[in-house]
Amino acid sequence: MNRRLTREQQVMAILIRRGHITEATGMAELGRVQVASAIWRIKNNKPFLIPTGMEIISVEKQDVGGNRYVEWRLVEENEQVAA
């Protein structure tokens, strides 16, 4: 049986592999997907997908054009992260 991964599992796979994800990364690697929604569902409904001792944090960033966006990072719990 060939089972497809859920959007949450796909987003977590990218987070585990790359350490971070943005909406643009999700679009490029997964096609049409709402990364923010998947992150919310992981944190609130499926926390078992997050590796033990790790957490997902949100970091607000700004591109060269001044547009703001969010990058989600998979970090060790209680780790201080600079933007």
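Biologist: Thanks! How are α1 and α2 oriented to each other?
Modeller: Keep in mind that this is a predicted model. The axes of α1 and α2 cross at roughly 110 degrees and come within 11 Å. Angles of 65 to 115 degrees count as roughly perpendicular, so α1 and α2 are roughly perpendicular to each other.

Biologist: Which residues in α1 and α2 meet?
Modeller: From α1 there are R7, Q10, V11, I14, R17 and R18, and they meet T25, E29 and L30 in α2. By type, the contact of α1 with α2 divides into four charged, three nonpolar and two polar residues.

Biologist: And at what angle do α1 and α3 pack?
Modeller: Helix α1 (residues 7–18) packs against helix α3 (residues 35–45) at about 95 degrees, and their axes are 9 Å apart. That makes α1 roughly perpendicular to α3.

Biologist: Who meets whom there, between α1 and α3?
Modeller: R7, E8, V11, M12 and L15 are the α1 residues, and on the α3 side you have V35, A38, I39, R41 and I42. The contact of α1 with α3 has seven nonpolar residues, three charged and no polar.

Biologist: Let's go inside. Which residues touch the most other members of the largest nonpolar core?
Modeller: Those are V11, M12, L15 and I56, in a core of 15 residues. Two or more residues of this core come from each of α1, α3 and β3 (68–76).

Biologist: What does L15 touch, leaving out residues up to four places away in sequence?
Modeller: L15 touches H20, I21, I39, I56, W72, R73 and L74.

Biologist: Switching to the sheet: in what order do the strands come?
Modeller: It is an open sheet of three strands in the order β1-β3-β2, with antiparallel pairing. At the edges are β1 (20–21) and β2 (54–62), each of which pairs on one side only.

Biologist: How many bridges join β1 to β3?
Modeller: Two bridges join them. In one of the pairs, H20 has R73 in β3 as its bridge partner.

Biologist: Where does α3 lie relative to those strands?
Modeller: α3 lies across β1, β2 and β3, and runs at about 150 degrees to β2.

Biologist: Last one, about E55: which strand is it in, β2 or another?
Modeller: E55 lies in β2. With a relative accessible area of 29%, E55 is partly exposed, because partly exposed covers the range between under 20% (buried) and over 50% (exposed).

Biologist: How far apart are E55 and E29 in space?
Modeller: C-alpha to C-alpha they are 22 Å apart, and in sequence they are 26 residues apart.

Notes
Residues are numbered from 1 along each chain as its sequence is written. This is a predicted model: local features need pLDDT of at least 70, side-chain atom pairs count only at pLDDT 80 or more; totals for chains, interfaces and linings use all residues. Side-chain values use heavy atoms; hydrogens and water are left out. Axes are lines fitted to C-alpha atoms, for helices over the stretch in contact, and angles run from 0 to 180 degrees between N-to-C directions. Helices (H or I, at least four residues) and strands (E, at least two) are DSSP runs, numbered from the N terminus. Angles under 35 degrees count as roughly parallel, over 145 as roughly antiparallel, 65 to 115 as roughly perpendicular and the rest as oblique. Contact means heavy atoms within 4.5 Å. Ala, Val, Leu, Ile, Met, Phe, Trp, Tyr, Cys and Pro count as nonpolar, Asp, Glu, Lys and Arg as charged, and the others, Gly among them, as polar. A nonpolar core is a set of buried Ala, Val, Leu, Ile, Met, Phe, Trp, Tyr and Cys residues joined through side-chain atoms within 4.5 Å. Buried means under 20% relative accessible area, exposed over 50%, partly exposed in between (1.4 Å probe, protein chains only). Two strands pair if DSSP finds at least two bridges between them.
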